[in-house]
Amino acid sequence: MQSSPVLKSKLKSGISIFSVIGQLAAEYNAINLWQGAPGFTPDQVLVDAAFQAIRDGSNQYAPMPGVLALRQALATKTAKLYGAQYDPQTEITITAGGLEAVYAAITALVHPGDEVIYFDPAFECYRPTIQLQGAIPVPIKIPLDTMKIDWDLVRATITPRTRMIIINTPHNPTGAVLDQHDIESLMSATRGTDIVILSDEVYEHMVYDGMTHRSMARYPELAERSVIVFSLGKTFHVTGWRVGYCVAPAEIMKEIRMIHQYLVYSAPAPFQVAVATALNDEANYLRLTNFYEKKRDLLIGSLSESALKVQPCASGFFLLADFRAVSDRSDRDFVLDLLRRKRVGTIPLSHFYNDGADTGMIRLSFCQPDDVLREGGRLLSELDL
Ligand code: PMP
């Protein structure tokens, strides 16, 4: 080519490690302990409902805020679970996955020069999305030994330019959940400020050992300044359908919809219709706790002979494992070794840090069939790297 255009990347971070690991994992036909996508087929009833919706003609754009029946079902669910009333007309929007909701909320509410506090290690989309607004990411580290947010540090980090605090409970990748002290601290830290809370709660139905999911929706003082993000893909084992949603007070939601309409206009229509029918039976989502708790215990059990030191995990479908007893390599090299030599795919925890901190830990996911978890555990118990 004679004169190809000069390009200037908006994001310095490049292509996510998930794509890199995904490609290598396919090459090595590796055991999948790396991906946050459930390895099970969805309920046949749900699949049939999607086919039926297509046959019935749900093949054009859904309404911009989402199929009304789905928004109504979600209003009922949120009221029942968290005692919060969200108006399906003005306060609930169906998005193309939780990811789009995060992007739309940050884009709508954060302006150039604003500061956004979030907690490292963190799900990978927050930082780039903040940066794309010309805003300033302000990560605060969560100590991995306690997994507790240091609220004194949060208060000291808040400035007049702090526009948003991003919360993620249940947390990817640590599996930690907010407790009552966290909720009260968040209330007192934001009281009397213009700070908006973006609460990423996509793992809301996966909280174990009898613990409670403390959704922002439960606390009116927090709910009035919160956008809460959920994922129907995670809940119904259909992450590829790209259906999620967010709830927020009407004034905030109006801003988010202005962005959502130009991102995707609306989420996939037939899949919205299908999940609306699945929401009619609450057992379809309430059973997830038990389902994943057993998987967590299975993976932990199958690693009991391994030299990997597994961190406690209260929620979600990820475990952190410390490999320093086995190797002094960087976490990235260790992950590549595991792929090449054991054919097990995992994710280096450094990927979840703003500064790429190498803590000697990897992330394992347990959203896979039991035989995959058993085999992964067996291979990881024979580490001779
Ligand atoms: N937030 C967190 C913490 C996640 O782990 C994920 C998916 N891995 C998402 C949001 C995005 O969810 P969805 O698949 O619904 O876009």
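Helices and strands here are DSSP runs, numbered from the N terminus, and that is how to read a label such as strand 3 (115-120) or helix 5 (126-132), the two elements on either side of the loop that holds Pro-121. The model in every view below is predicted.

View 1. Pro-121 belongs to the loop that runs between strand 3 (115-120) and helix 5 (126-132). Look at the bond joining Asp-120 to Pro-121: the peptide is cis, with omega at about 5°. Most peptide bonds are trans, and most residues other than glycine have a negative phi.

**View 2. A cis bond also turns up at Pro-173.** Here the peptide bond runs from Asn-172 to Pro-173, and omega is near 20°. Pro-173 is found in the loop between strand 5 and helix 7. Asn-172 also belongs to the set of residues that surround the ligand.

**View 3. The ligand and its shell.** The space the ligand takes up is the largest pocket. Around the ligand you'll find Gly-97, Gly-98, Leu-99, Phe-123, Asn-168, Asn-172, Asp-200, Val-202, Tyr-203, Ser-231, Lys-234 and Arg-242. Sorted by type, the shell has four nonpolar, five polar and three charged residues. Helix 4 (residues 97-109) supplies the largest share of the shell, with three residues.

View 4. Tyr-203 has a side-chain N or O atom 2.6 Å from an oxygen atom of the ligand. For Ser-231, the distance from a side-chain N or O atom to a ligand oxygen is likewise given as 2.6 Å. How much of the ligand's surface does the protein bury? On its own the ligand exposes 400 Å², and the protein buries 92% of that.

View 5. Side chains of opposite charge can pair when their charged atoms come close. The model's count of salt bridges comes to 15.

**View 6. Asn-29 has a positive phi.** Asn-29 is a residue other than glycine, yet its phi is positive, near 50°. To find Asn-29, go to the loop between helix 1 (17-27) and strand 1 (31-32).

Terms used:
Residues are numbered from 1 along each chain as its sequence is written. This is a predicted model: local features need pLDDT of at least 70, side-chain atom pairs count only at pLDDT 80 or more; totals for chains, interfaces and linings use all residues. Side-chain values use heavy atoms; hydrogens and water are left out. A residue is near a molecule or strand if one of its heavy atoms lies within 4 Å of it. A polar contact is a pair of N or O atoms within 3.5 Å; within protein, one must be able to donate a hydrogen and the other to accept it, and residues adjacent in sequence count only if both atoms are side-chain atoms. Accessible areas come from the Shrake-Rupley method with a 1.4 Å probe; for residues, only the protein chains shown count as cover. On a 1 Å grid over the protein atoms alone, a cavity is a set of points where a 1.4 Å probe fits but cannot get out, and a pocket is an open set with protein on both sides within 12 Å along at least five of seven lines; lining residues have an atom within 4 Å of a point. A molecule sits in a cavity or pocket if more than half of its atoms lie within 2 Å of its grid points. Helices (H or I, at least four residues) and strands (E, at least two) are DSSP runs, numbered from the N terminus. Ala, Val, Leu, Ile, Met, Phe, Trp, Tyr, Cys and Pro count as nonpolar, Asp, Glu, Lys and Arg as charged, and the others, Gly among them, as polar. A salt bridge is a side-chain nitrogen of Lys or Arg within 4 Å of a carboxyl oxygen of Asp or Glu.
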